[in-house]
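I opened my notebook for this one and jotted down what I looked up as I went. Have a look along with me.

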Amino acid sequence: MGERGEKTGLAGGATMPRAEDVFGNAPAYRRDTVLATTTMDSDESQNLRDLLNLCKQSNRPPIILLFGFSYSGKTALALRLQDIFHSRGYGVQPAVSPKGPAERTSKIQPYFFSHPRRPNDAFVLVDLPGERFSRAKEANFSDAVAKETLELMAAADAYLLLLEADKTLYLDELRATGAIGDFEAKDYQEVVATMVQFAKLDWQLARKLGRHGDIEGAAKAIVDMKPDERFRELTRGARASRKPVMLGLSIADRMHDNMVALETGVIKKRLESRGDTRDLTDDERKQVRQIASNFDRDPLLLINMRQQKLMAQVASSFRYFRADFLTSFAGLPPNYTGEVNLNLYPPRGIERNFDWLRSAAQRARGGRFKTFARKNWMFHPVVQALDWLPSLRETSLALGARAAWDEALRHAR
Amino acid sequence: MLADAIQDGVKAPAKPQRSRAPTRGMFDRLRGLVLFEAIDGRDHRTANANGAFERRSARGLYAAALIPGVLLFLAAGAFAWHPLNADPDTLTTLAVSAPSQTPAEKNVIGKIALLREGIWEARLTPWEEIPSRGMARVSNDEMHGALAELIGQITAFGQTVGDRAPPGIVRDRVFLAQIADYRTQLKAIEAKLGMGRSILAYHFGLLALWAGDAADAEPQFQNVLEIAQRTQPIDAVGRQRLDGLQASAHYGLGLAAAARHDWGKAIADFDASLLAACRASADGPGDSGFKLTSANLVALDTRAVRNDRLIALVRGRADNDLRAVTSPSCAQLMSPPAKAATSGDADAEARALFASLAIDGDPVLAANLELRAALMGERDTVQRLNFDGTDATADVMQAQSLARAIAGLDTEAGGVDRSALTDLQHLSALKTRLDNQLRAGSLSEPASDPTWNWSDPSLFGKWKAAVASSLASTILSQAADATQDNPGLAAALYNVVLDNRGWMPASAVTDAWWRLNTGMSLGFALWMLAIAAALSAVLFLILRRWRQTYRTTFESWHHEDRLHAPEG
């Protein structure tokens, strides 16, 4: 038995795998958004109202916004987090459950995680589908639904941005080999572009929040802005937001499974361009296996190389961020909705990444004084001055230190 | 490119991309090296493949934190390194003096009341005349007569105690009953004459002072003072009388403050009293030793005020850092800026006082000065101030014999603690010896005579330690002052401290050695060390936090997780 990728039986074949084989029969993203209704059902609207009321309290638990498009594994991640925090003694309200195909709508779903004996450790995980944001953008942030999305973004203390690992890192290769169609590839490019706009808009929101103080005022100010102004680049010298951001390259196991095939294809293509039609040598196969076994060693560098625009935007919009691969459930078939064995492959990686995000959110949110000062306009200059202060935890420091010696990172930047 | 990036160690060999990169300057390379060693801390192969952070070395971190601190310390050392190479002078005299009273000695002094308290004059008399004109007049003939008779009685009564009311005195019951009687009579007169008369308030205050009741005396004298200040004089005589009133009232207030041990206020009141007295006798005989007469309503001897002021000063200096001119002249008192406290050495002022103050016919002041000179080891001064006891009281004579005993001129001083007296005698002998040594330009360790019995065996050691630290600091500061202009003298002074390393404090000896051999004080070196250490510590904390951020940013938890997953 060799690498995981060989288990699929796809790697050795002469033809490259098709998208359905590799990623399951996922519908195009746009199809979902078109089908999604613009009016909310009563259940969701009640949830949202509760959440937005909570946002206005100064002494509330941190809100972590889980942002990603369909099939990026948001619900699976929430399920895994529920499992992790259950084992730590937390209760989750409402319980996370896998969604059936009919439920795959653009529904905002908050999950309240709380510990019975440690009220200060509570947090709220909000599942914000990317389609919801796209729709708000298409509606020019004018309708009530869009305003609520903005309010939610303004109130969030941390973002967990989920991107499918394989499409994010291998989009060109997948399209070239015919694994996904042109339409789907273009769609995914738009997903990444939406992420970039999301990061830009957050910065605008933070600025408006600083000026207007209250969340509703900031959302209204964004709504009133001209569309071209809304996603403008950061002004020179402006400080990035203090919200911590986790860039999750999700469904990493699927990418790993297909990696040998993809890398073999890449090498073969390189040989073909030189007019060579031979099969891979043993050395080349070894190299491919090595690549596959170490694929997740340097996620930040990889995403920096493959999605430069996204990384540049995140780096200039946010001060604290991290990128890593996430595998909530390894080895499950795509879009599996049945019972899962939660003991399988306990993902310490997810736990550590989420703990980092949570503690960074609590730090950014600040203590009693900061929450009090945020509510009083008299203290806003103090809060702004404190926010402006640099910190030794900023990711740009780490990037700078590495770029000083690492040429790969320097060139990627 | 992706494949290259994630391969284990593949990035290390030269790539075409690398050759395309613009050449990096020396500074960038150095920065890269420092950051790689201090922040990353992994070996090159692991770091290139972004491998595990577990076996990360902290060597670079320590070096990057320590090197700037060490460099700063060395640079400061090189900058301040100026050894004193001049040949030491030969010293003919050492212009330093040992402290007159060390804390250990003060304990011994506290055992002898006469030394502790000094001899107060505290001589305040009743009015000699009841004015029939002006503001203070008593025009009612009947009352005038009654008052004159009562004041006559009070005057006669006061003479039995020499008109003296030393602060803190406790009177017997008979005495107090007599005073109560006088108060009752005065009260009866006050009821007929009405309130707010300075003559009545003054005598109430005087009686309270005689009775040892400072709390009662104070408001009465304050009342007199307010009346005197409020009143406008119509002629020169009136002016003189009001000044005389102010002088006596301030004196009374000063004595009351001294009874409360409020030395600062007491001295201020004595100064105000002297100032008023100087004004009252503008054409008087001079700065000290003149008397206010009946023309000033109250007879006040300014020698008494000056004596009491001196005692308050000495006692106040023992308690806190009271700074005042020891014996101000009328001119100093009249001109406000000169009256302001000057900071000076109490001992030096006392020595100046021995020479300047006229003590002819003033045994109390002479006795006080003798006591002080004896405590300072000034045997010659004690001898010079000696007076014969024809017109002196018993306690003044006792003070003189005590001073002579301490100075070693007499052997007997009756009525004091024998052990404390012998201790003081021994200390006085030691001080005289030390003074002679210093005048001859040499210094050696004081030795206790084996025949001496100290009341407290540790007393000699404590005294020696205090004298050593005081002498060492004076010599070191003198040497530091002389370093620029006269390096030979400075070297000689440092050598004095080094030669006495057996009994001088170790810190002073080390300091002298540092200053002589490196040209910087030990304090400077320690400060620079502290600053360099602080710099390194701050850098260390910054770099450590930076390292944590670096690890948090680049560590792949998914990779670790996958490697250690149970299913492989």
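This is a predicted model: local features need pLDDT of at least 70, side-chain atom pairs count only at pLDDT 80 or more; totals for chains, interfaces and linings use all residues.

**Chain B, overall**

I began with how chain B folds back on itself: among its contacts between residues at least 6 apart in sequence, 66% join residues at least 24 apart. I call two residues in contact if their C-beta atoms, placed from the backbone, lie within 7 Å. Residues are numbered from 1 along each chain as its sequence is written, and chains are lettered from A and ligands numbered from 1 in the order in which they are written.

I found 26 helices and two strands in chain B; helices (H or I, at least four residues) and strands (E, at least two) are DSSP runs, numbered from the N terminus. Of the 568 residues in chain B, 38% are buried. Here buried is 20 or more other C-beta atoms within 10 Å of a residue's own, exposed is 12 or fewer, and partly exposed lies in between, with C-beta atoms placed from the backbone.

**Helix 3 of chain B**

Next I went to residues 26-40, which form helix 3 of chain B. Which of its residues are buried? I listed Leu35(B), Ala38(B), Ile39(B) and Asp40(B). Seen down the axis of helix 3 of chain B, these fall within an arc of 155°, so they line one face; the arc is that of the directions from the helix axis to the C-beta atoms. Met26(B) and Leu30(B), on the other side, are exposed. The buried residues pack against helix 18 (395-403) of chain A, and also against helix 4 (44-48), helix 5 (59-80) and helix 25 (522-554) of chain B. After the helix comes Gly41(B), with a positive phi near 80°.

**Where the chains touch**

I noted 36 residues of chain B in contact with 42 residues of chain A. Helix 25 of chain B gives the largest share of chain B's side, eight residues.

**Strand 6 of chain A**

Last, I checked residues 241-250 of chain A: ten of the ten residues of strand 6 are buried, so the strand is largely enclosed by the rest of the structure. Strand 5 (residues 158-164) of chain A pairs with strand 6 in the parallel sense over six bridges; pairing needs at least two DSSP bridges between the strands. Leu162(A) stands opposite Gly248(A). Strand 7 (residues 318-325) of chain A also runs parallel to strand 6, joined by seven bridges, and there Phe321(A) is the bridge partner of Val245(A).

Conventions:
The expected span of a helix is 1.5 Å times one less than its number of residues.
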